Amino acid sequence: MSFRSMILDRKGFEVKFSYGTRSKSESKSDTTIKESSLMVVDDGLKQSCWANMPPELLRDVLMRIEASEHNWPARKHVVACAGVCRSWRDIMEEIVKPPQISTKLTFPISLKQPGPRDSLLQCYIKRNRSNQTYYLFLGLNQASTDDGKFLLAARKCRHATHTDYIISLNHDDVSRGSSTYIGKLRSNFLGTKFTVYDAHPPICGAKVTKSRSTRLVSLKQVSPRVPAGNFPIVHVSYDLNVLGSRGPRIMQCVMDAIPASAVEPGGSAPTQTQFLHSRIDASPSIPFFRSKSTRMENLPSVPLTCQNEGMLVLKNKSPRWHEQLQCWCLNFNGRVTVASVKNFQLVASPRNGVSEQAQENVVLQFGKVGKDVFTMDYQYPISAFEAFAICLSSFDTKIACE
């Protein structure tokens, strides 16, 4: 039996992935059922034949589905299985491995998990100049008309003293008040220093950094899972170019949540298994009002790595000057085709005290392939969210760097 027929045989139920599951046969006039829809659905699923399948048989079926659907859009069937009921979801979470092992992006949490260990995960970014938005897609053929699998979206918001890039899981709703908001990138006035903020605690025990944007997002929202603060996870800096000399940019990234040993063979980086939401009622000490006296720049960022181990520092790989072409060149292995000051490759800095081999291994590369189309390839130990935010810093105007 095909997967499609298996799902269609579940008569009387409609799978929804946002807030729960609801019966198709539910009467519109029955307000009692509407008010307790989640309880009714849970009881119905417990009694359904799909929820009561023998665990061994169910695991075998789901393992076959996961193994057969390698790429998108076919991999959406794996996500659909996780939305059938709780027992299916628990098994799928065990079967589907994180990107560092499977080299696949399946669930939204995969965007917060480190990439593959031995290969670059190839993505690309499309820029929309008209509304200052940026879209991240998963795909190998970056210049094709097919948009591939959508991953993340970002929108540029200019302010008097800084610029914010709001990052969301929703292609159409890229706002700070959206339930799909997962973080942001903030720059200083000169565009030389950037901080990547995670909307959710990246690891257990992370502390919130107070800022002017740490406030109650929307009084109209009733969901308790509204992000309650900003958690700094990456700091990006560009060297000043006060003399205006021509040449490549010099950038450095400090990964607060990743230890320096993660780039070594056998090293490990923290891996999230679920979104750790910040609840408003669980954080009474966090202010949710605007405060002109509370400035982000005046408060120190809290490192998320162990105090006994240094944070990972990445730097851009130095290009070489090509005499015949009369330009600076880097080997992107065919992934970048247009010369641009935005192009870069990040490797481990010698400051980490790692081996020379680890210093030559490209962790993130970003470059232009066409008008408003850029490739973004990343690997362990950084995640797609971190890589996307770092690449967004290259788009921002840098008054004192060029």
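Helices (H or I, at least four residues) and strands (E, at least two) are DSSP runs, numbered from the N terminus, and two strands pair if DSSP finds at least two bridges between them. The model is predicted: local features need pLDDT of at least 70, side-chain atom pairs count only at pLDDT 80 or more, and totals for chains, interfaces and linings use all residues. Residues are numbered from 1 along each chain as its sequence is written, and side-chain values use heavy atoms, with hydrogens and water left out.

**Strands**

In the hairpin of S15 and S16, two residues lie between the strands, and Asp-372 has a positive phi near 65°. The hairpin of S3 and S4 has four residues between its strands, with Gln-132 in the turn at a positive phi of about 55°. The pairings are listed here.

| Strand | Partner | Sense | Bridges |
|---|---|---|---|
| S3 (residues 121-128) | S16 (residues 373-378) | antiparallel | six |
| S3 | S4 (residues 133-138) | antiparallel | six |
| S15 (residues 364-370) | S16 | antiparallel | six |

Tyr-378 in S16 stands opposite Leu-121 and also opposite Leu-364. Thr-375 in S16 is the bridge partner of Tyr-124, while Cys-123 stands opposite Leu-138 in S4.

Buried means under 20% relative accessible area, exposed over 50%, and partly exposed in between (1.4 Å probe, protein chains only). Six of the six residues of S16 are buried, so S16 is largely enclosed by the rest of the structure. Val-373, Thr-375 and Asp-377 point one way from S16, and Phe-374, Met-376 and Tyr-378 point the other way.

**Helix H6**

In H6 (residues 86-95), the residues Trp-88, Ile-91, Met-92 and Ile-95 are buried. Seen down the helix axis, the buried residues of H6 fall within an arc of 100° (taken from the directions from the axis to the C-beta atoms), so they line one face. Arg-86 and Glu-93, on the other side of H6, are exposed. Helices H4 (55-68) and H5 (76-82) are among what covers the buried residues, where contact means heavy atoms within 4.5 Å.

**Cavity**

A cavity is a set of points on a 1 Å grid over the protein atoms alone where a 1.4 Å probe fits but cannot get out; lining residues have an atom within 4 Å of a point. Grid points are joined across faces, edges and corners, and a volume is the space filled by probe spheres set on the points. The count is one cavity of 30 Å³ or more, and the largest cavity holds about 150 Å³. Of its 16 lining residues, Lys-112, Ala-257, Pro-270, Gln-272 and Glu-386 are the closest to the centre. Strand S10 (251-259) and helix H9 (384-395) each give two or more residues to the lining.

How values were computed: On a 1 Å grid over the protein atoms alone, a cavity is a set of points where a 1.4 Å probe fits but cannot get out, and a pocket is an open set with protein on both sides within 12 Å along at least five of seven lines; lining residues have an atom within 4 Å of a point.
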